[in-house]
Amino acid sequence: YKTYRETMIGELVHIARTNHVDPDAIMHVNPEAVVPALLVVFNPTAEPKEVSYELPLNHAGFKGGDKAILEDSRLCDLDSRGHGVIDLKLHPFEIRTIAIQKSESE
């Protein structure tokens, strides 16, 4: 919590609501933070799952055409609205947090 405190005190965006069958996801956003977005995904099932989410990174201060750097150094190109897509493979009962930052080449 302390690592991403500045991000987590910002707004909360629901990406996938809880239905106890599919993974759910929320994104903490704060455009003023060093890490402007933090995605938290939870697989509530005993089965591995693959998901794809459209992330509205415009809420975190990203603009159309920006590049986002995901925690594992993957680049994500954003569309004209400031949205990007992430594909994930989740293990049973896995909770994953992914920090999202702006590319410094912008």
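Aspartate 79 is partly exposed in this predicted model, its relative accessible area being 29%. Its salt-bridge partner is arginine 81, and the closest N and O atoms of the two lie 2.9 Å apart. Arginine 81 is likewise classed as partly exposed, at 46% relative accessibility.

Arginine 81 also forms a salt bridge with glutamate 54, where the closest N and O atoms are 2.5 Å apart. Glutamate 54 belongs to strand E4, whereas arginine 81 sits in the loop between strand E6, residues 75–77, and E7; the pair therefore ties together parts that are 27 residues apart in sequence. Glutamate 54 has a relative accessible area of 41% and is partly exposed. Taken together, Glu54, Asp79 and Arg81 are linked in a network of salt bridges.

How many salt bridges does the structure hold? The count is 4. One of them joins arginine 96 to glutamate 94, with 3.0 Å between the closest N and O atoms. Is glutamate 94 buried or exposed? Glutamate 94 counts as buried, because its relative accessibility is 16% and the limit for that class is under 20%. Arginine 96, by contrast, is partly exposed, with a relative accessible area of 23%.

I turn now to the sheet. Six strands make up an open sheet in the order E1-E2-E3-E8-E5-E6, and their pairing is antiparallel. Which strands form the edges? They are E1 and E6, each of which pairs on one side only. On average, and ignoring direction, neighbouring strands of this sheet are turned by 25° against each other. Within the sheet, E5 and E8 run antiparallel and are joined by 3 bridges. Isoleucine 69 stands opposite glutamine 101 in E8.

The largest nonpolar core comprises 23 residues, and the members that touch the most others are Met27, Leu39, Tyr53, Leu55, Leu57, Ile86 and Ile100. At least two residues of this core come from each of the strands E1 (11–16), E2 (24–29), E3 (37–42), E4 (49–56), E5 (67–70), E7 (83–90) and E8 (95–102).

Which residues does methionine 27 touch, leaving aside those up to four places away in sequence? Its contacts include Glu11, Leu12, Val13 and Ile15.

How values were computed. Residues numbered from 1 in each chain as written. Predicted model: local features only at pLDDT ≥ 70, side-chain atom pairs only at ≥ 80, totals over all residues. Heavy atoms only, no water. Core = buried A, V, L, I, M, F, W, Y, C linked by side-chain atoms within 4.5 Å. Buried < 20%, exposed > 50% of the residue type's maximum accessible area, 1.4 Å probe, protein only. Helix = DSSP H or I, 4+ residues; strand = E, 2+ residues; numbered from the N terminus. Contact = heavy atoms within 4.5 Å. Salt bridge = Lys/Arg side-chain N within 4 Å of Asp/Glu carboxyl O. Pairing = 2+ DSSP bridges. Axes fitted to C-alpha atoms, helices over the stretch in contact; angles between N-to-C directions.
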